[in-house]
Amino acid sequence: MDQFLNALPKAELHLHLEGSLEPELMFALAERNGIALAYDSVDELRQAYDFGNLQDFLDLYYQGAAVLQTEQDFYDLTWAYIERCQAQNVIHIEPFFDPQTHTARGIAFETVINGISRALKDAESQHGISTGLIMCFLRHLSEAEAFETLQQATPFLDNIIGIGLDSSEQDNPPAKFTRVFAKARELGLLTVAHAGEEGPAQNVIDALDILKVDRIDHGVRAADDTALMERLAHENIALTVCPLSNTRLRVFDDMSQHNILQMLEQGVKVTVNSDDPAYFGGYLTENFLALEKGLGMTHEQAIQLARNSFQYSFAKPERKAALL
Ligand code: ES4
Ligand code: ZN
């Protein structure tokens, strides 16, 4: 473990709470809730984490989330992630959750958000970690289902800072959610969207121009479009890049091929994030370490990446000033 990278103060802007469900906790919750898993052991489950693409991963990710049943389960999931943050000097977090993964199984929206929110509140009071929760819509589901989810969230708008868009990018372009994003913005919510992960650079353009997002999740395929790269740099549009995710899902064959440092040097406001750390082999420090090992990232570059994570966070101005 590189002491410098672990001790470096960092923010995480792209983390799916359901993707922080470690196999050990998955088995413990399965037992607590009397649920049968398709795997006999933690080792057997980990061996299944060999993905050819995004959809291979999503199939296992939605299956794994089925062990989450009670408010306490959502608390325990979130708290386990917060303890990882505490151990890695991650002092500001903006985690995602996918309510539809749970409401589709008959779990009440309030069960999910109350468990998560209570853990985030404890993170602030016990560890001084500042937080902002982002609710994601599953883009493989319909616009109507996204609207229904936004409706369910209305009593809890104080608990969330924004909305996002995740799941299968292929065949589910940003334009499918134009109206629900407009409605969320009217409600005062910030907006982000996964774009340019497996999908084309055009999805990044459409997320900006049609959904009017405040930040892009992944966005690595923007590098295919020179004009877009210049726009991202000049308009200070941040990308939440996830190096280990991208190699595990074969967006890049090897870390040595990853374009994050090239984008950084071109003036694009990139940040480092872990996405689904229980599935992709590491939390934030491990992602920074992978960049050092695979791309020769310097300490100066690491400091700039960490600085970007504070600068382009949705932290309140006074908190941001303290972080920077
Ligand atoms: C995700 Cl890596 C990734 N891409 C799209 N949707 C997701 N949900 C959880 N992880
Ligand atoms: Zn993601």
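**Figure 1. Exposed and buried residues of helix H9.** Arg 179 and Glu 186 are exposed on one side of H9, a residue counting as exposed if 12 or fewer other C-beta atoms, placed from the backbone, lie within 10 Å of its own, as buried if there are 20 or more, and as partly exposed in between. Val 180, Phe 181 and Ala 184 are the buried residues of H9 (residues 178-186). These buried residues line one face of the helix, because they fall within an arc of 100 degrees when seen down the axis of H9; the arc is that of the directions from the helix axis to the C-beta atoms. Helices (H or I, at least four residues) and strands (E, at least two) are DSSP runs numbered from the N terminus. The structure is a predicted model, in which local features need pLDDT of at least 70 and side-chain atom pairs count only at pLDDT 80 or more, while totals for chains, interfaces and linings use all residues. Residues are numbered from 1 along each chain as its sequence is written, and chains are lettered from A and ligands numbered from 1 in the order in which they are written.

Figure 2. Seven strands, with parallel pairing, form an open sheet in the order E3-E5-E6-E7-E8-E9-E10; two strands pair if DSSP finds at least two bridges between them. Strand E3 (96-97) and strand E10 (270-272) each have a single partner strand, so one side of each is left without a neighbour in the sheet. E3 pairs with strand E5 (residues 134-138) in the parallel sense over two bridges, and Phe 97 stands opposite Met 135 in E5.

Figure 3. Strand E7 (residues 190-195) runs parallel to strand E8 (residues 215-218), and four bridges join them. Val 192 is opposite Arg 215 in E8. From E7 the chain passes through helix H10 (residues 201-209) to E8 in a right-handed β-α-β crossover, meaning that the path from the first strand over the helix to the second runs clockwise with the strands pointing away from the viewer. Two bridges pair E8 with strand E9 (residues 239-241), again in the parallel sense, and Asp 217 is opposite Thr 240 in E9.

**Figure 4. Surroundings of ligand 1.** The residues around ligand 1 include His 16, Asp 166, His 194, Glu 197 and Asp 276, with C-beta atoms, placed from the backbone, within 6 Å of the molecule. The shell divides into two nonpolar, five polar and four charged residues; Ala, Val, Leu, Ile, Met, Phe, Trp, Tyr, Cys and Pro count as nonpolar, Asp, Glu, Lys and Arg as charged, and the others, Gly among them, as polar.
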